[in-house]
Amino acid sequence: MENLLEIKNLHARIGDKEILKGINLTIKPGEVHTIMGRNGSGKSTLSAILAGNSNYTVTQGSITYQGRDLLKMSPEERSWAGIFLGFQYPVEIPGVTNVNFMRTAVNEHRKQKGLPPLSAAEYLKLMREKMAYVEMDPSFSSRGVNVGFSGGEKKRNEVFQMAMLSPLLAILDETDSGLDVDALRIVANGVNRLKTKDNAFVVITHYQRLLDYIVPDVVHVLYKGRIVKTAGKELAAEVEAHGYDEFE
Amino acid sequence: MEEFRYIPKSELFKCSVDLPGARKFFVWDGVPDGLPLKEAPALDVSASFEVSSRMERMVYPVSLEDVPQKAVEIIPEEGTLTQVISVRVSPSLVFGRVRIVCQKPGNYAVVLCSHTTGQERFSTREIVEVSVSGGARLDLVAMQNENSLSAHKSDFRLKIEEDSSLKMNIITLHAGNVSNRIHSLLSGKKAECWLNGLYLEDGEQIIDTDVTLVHNAPECLSRQLFKGILSGHSRSRFTGEVVVSPAGQKTEAYQANNNLLVSDDARASSDPHLVIYADDVKCSHGSTAGSVGDQELFYMRSRGISESEARILQQQAFAAAVLEQVSREELRERLSCLVERRLRGENTVCAACGRGCC
C-alpha cells in the first residue's frame, strides 16, 4: 500500500534550540500510530511541524504527504489535503462563535473540492450529528470558540472539529491530558468511530491509559528528538512499567 | 418644453440601513426634507461644582456661542424606530444641528445616518443635542459612512436626567477625517449612560474621539467601550475623561478603549482618565492597542480557514463586543452585515440596493 506520510531524517529547531534530531516515520492508510515520550522529547514539535506552525524551522530532512512536499504547503492547504491537528492547548477565540468558526472551515473545505457551501440547515444537521459523537451539548455552538470551556470540553471540541472535517491524517497531541476517565472514554470513542481503512491516526501521549481505549498498530518512543524504539502495542505497557530511563 | 416633475430627493437616495417600519426623515446638506427647522434654545450640558476640600470650583464648560439657532428636531415615538438620514450632496460647508428630546417614560430608538454622495470634498459640522428625562430610555445609533475625502466634525451633547437612560453607539464605517466630541452630563439620580463606539479605518483616515462624561448626581451608571480597527496608514486618537463630582456618590463608571492594529503603519493613541471627587464609587478605565493574535490565526488556518478569511473573522470578533450593544435586533444585524462588508473591502452599501451611493 502507498504511504500516506513519510518523514525522512527530520531536523528542526525553535530559535537556536534544536529539538528534532533526525526523525524517520512512515504511516500507511488505516494505521494508528502512538508516539510516547517525556516532556521536551519533541512530541509537540513534531505535531506542530506537521500542521505547519511557522514558529519552528526545519533545518534538514523531508516530509512527503500523499506524494507531495508537505513542507511547501501552508497550514490551510494541509488542512484541505486532509491533515488535522488536535491541539494540546486548544486556542480560545473570543467573539468568534463555534458555529461560525466551523461553518467557515467546512465551507472552505467544500470550496476546495468544488462543492457549493452548505446551507444553514444542512450545516446544523451535520453539526448535531457530529456533536453526538463526543456527547457535546448543541448549546456550545453559540459560544465563542473554546471560550470558558473546561479542559475536557476543549478536547471534546477538538474531536468534534475532527469529525466535521473527516481528515485522512489526524494527529492528536496529548488529547488525553487533563481528562477524567469519562471524558477520556468519550474522546476515544469519538476517535474510534472516525477510524476507517483510508485514514490514519497519530496519537501522542504520555500515558498508556488512552491506549486502553484506542488500540495502536505501532508504538514509537521519542527520546531527545529521535525515535529510539518502534514496536507493537506491547511497547506502551513496557514504557508504562519501566519509564523512559532504559532509553538513556 | 418639458413638464416639470417634482421628485422628492428621498426617492433618489436609498439608505443602506433600510429598516422596515421605521419613521424616516431625510436631511439634505443640513436641510430637512418635509420637516421644518425649529428654533430652540441650545442644550446646556456644562457642569460646575464646588470641591470643598480644595476650596475650588470645578467647571466643565461647553460653549453655546456658535450653536445654530434652528435645529432638526426629533421627538421619537415610544416603541417606534426613528431614522434620520443625513446626506451630503453639494461640497459647501454645512453646519447643522439635530435635537432629540425624550421626556416621557418608555423605550425610544433613533438611528442617525451620515452619508456622502459622490467623491466631493465634503465638510460637515454638526451639533447633536440629546436630552433624556422623565424616565425615558433612549437607544441612539449614529452611523457614519462617508467618502475618504470628507471631513466631519460632530459635537454630541448629551444630558440624562433622573431615572433616565441613554445608550449611544457610534459606528464609523468609513470617512476621511472624523472628529467625534461627546460631552455627556448625568444630572439626576440613577441616570445611566452607555457610550459605545466602533471605528474602522484604512488608508490615510483619521478618527478622533473625545469624551467628557460628568457624573453630577448620585447612583448613576456609565459604561464606555470604544473599539477601533486600523489598517493602512490610518490614525486614531481617543481622549476620555470621566468626572465624578462630590454629588456623585455610589457612581459606577467604566471606560475602555481597545484598538486592533492590522497594519504596521497604523497608529492609535489613547488617553483615558478619571477625575473623582466622591469617595464611594466604583470606577475603572483602561486602554489597549495590539495586533492580531498569531496563535488564533494558526488555529483557524489549521482548520482550513484561509489566512485572509481568518483575519476577517478575528476583526469581526473584535468588533462584535460593540455591535452586541445595539439593542434593536434588526439594526444590530444590518450593522453587523455592513461591518463585515467593510472589513472585506466591499462597498458598504446594501446588497439589495445597488445604487452605490455611499
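This is a predicted model: local features need pLDDT of at least 70, side-chain atom pairs count only at pLDDT 80 or more; totals for chains, interfaces and linings use all residues.

Let me begin with a question to keep in mind as you look: which residues in helix 5 of chain A are buried? Residues are numbered from 1 along each chain as its sequence is written, chains are lettered from A and ligands numbered from 1 in the order in which they are written, and side-chain values use heavy atoms, with hydrogens and water left out.

Now to the answer: in helix 5 of chain A the buried residues are Gly152(A), Lys154(A), Lys155(A), Asn157(A), Glu158(A), Val159(A), Phe160(A), Gln161(A), Met162(A), Ala163(A), Met164(A) and Leu165(A). By buried I mean under 20% relative accessible area, by exposed over 50%, and by partly exposed anything in between, with a 1.4 Å probe and protein chains only. Helices (H or I, at least four residues) and strands (E, at least two) are DSSP runs, numbered from the N terminus. Because 12 of the 15 residues of helix 5 of chain A are buried, this helix is largely enclosed by the rest of the structure. From its first C-alpha to its last, helix 5 of chain A reaches 22 Å, close to the 21 Å expected at 1.5 Å a residue, where the expected span is 1.5 Å times one less than the number of residues. After helix 5 of chain A comes Ser166(A), which has a positive phi, near 30°.

Helix 6 of chain A, residues 181-194, has 14 residues and reaches 20 Å from its first C-alpha to its last, close to the expected 20 Å. Its buried residues include Ala183(A), Leu184(A), Ile186(A) and Val187(A). What do the buried residues of helix 6 of chain A pack against? They pack against helix 4 (120-133), helix 5 (151-165), strand 9 (169-173) and strand 10 (200-205) of chain A, contact here meaning heavy atoms within 4.5 Å. The N-terminal end of helix 6 of chain A is capped by Asp180(A), which has a side-chain oxygen 3.2 Å from the backbone nitrogen of Asp182(A).

Let me turn to where the two chains meet. The size of an interface is often given as the accessible area lost when the parts come together. Chain B and chain A bury about 1900 Å² between them, 66% of it on carbon and sulfur atoms, and buried area is the accessible area (1.4 Å probe) that two parts lose on being put together, summed over both. Of the area that chain B buries against chain A, Phe298(B), Tyr299(B) and Arg303(B) supply 41%, more than any other three residues. The contact takes 32 residues from chain A and 16 residues from chain B.

Between chain B and chain A there are 2 salt bridges, a salt bridge being a side-chain nitrogen of Lys or Arg within 4 Å of a carboxyl oxygen of Asp or Glu. Glu158(A) and Arg303(B) meet in a salt bridge of 2.7 Å, N to O. On the side of chain B that touches chain A, helix 1 (294-302) and helix 2 (307-323) of chain B are the elements that give two or more residues, and helix 1 of chain B gives the most, with 7 residues.

Over all chains, the structure holds 30 salt bridges. In one of them, the side chains of Arg237(B) and Asp208(B) meet at 3.4 Å, N to O. This pair links distant parts of the chain, with Arg237(B) in strand 18 (residues 235-244) and Asp208(B) in strand 16 (residues 206-215) of chain B, 29 residues apart. Arg237(B) is partly exposed at 40% relative accessibility, whereas Asp208(B), at 19%, counts as buried.

Finally, how many disulfides does the structure hold over all chains? There are 0, where a disulfide is a pair of cysteine sulfur atoms within 2.5 Å. Cys193(B), for example, has its sulfur 9.9 Å from the closest cysteine sulfur, in Cys220(B), which is too far for a bond. At 1% relative accessibility, Cys193(B) is also buried.

Technical notes: A polar contact is a pair of N or O atoms within 3.5 Å; within protein, one must be able to donate a hydrogen and the other to accept it, and residues adjacent in sequence count only if both atoms are side-chain atoms.
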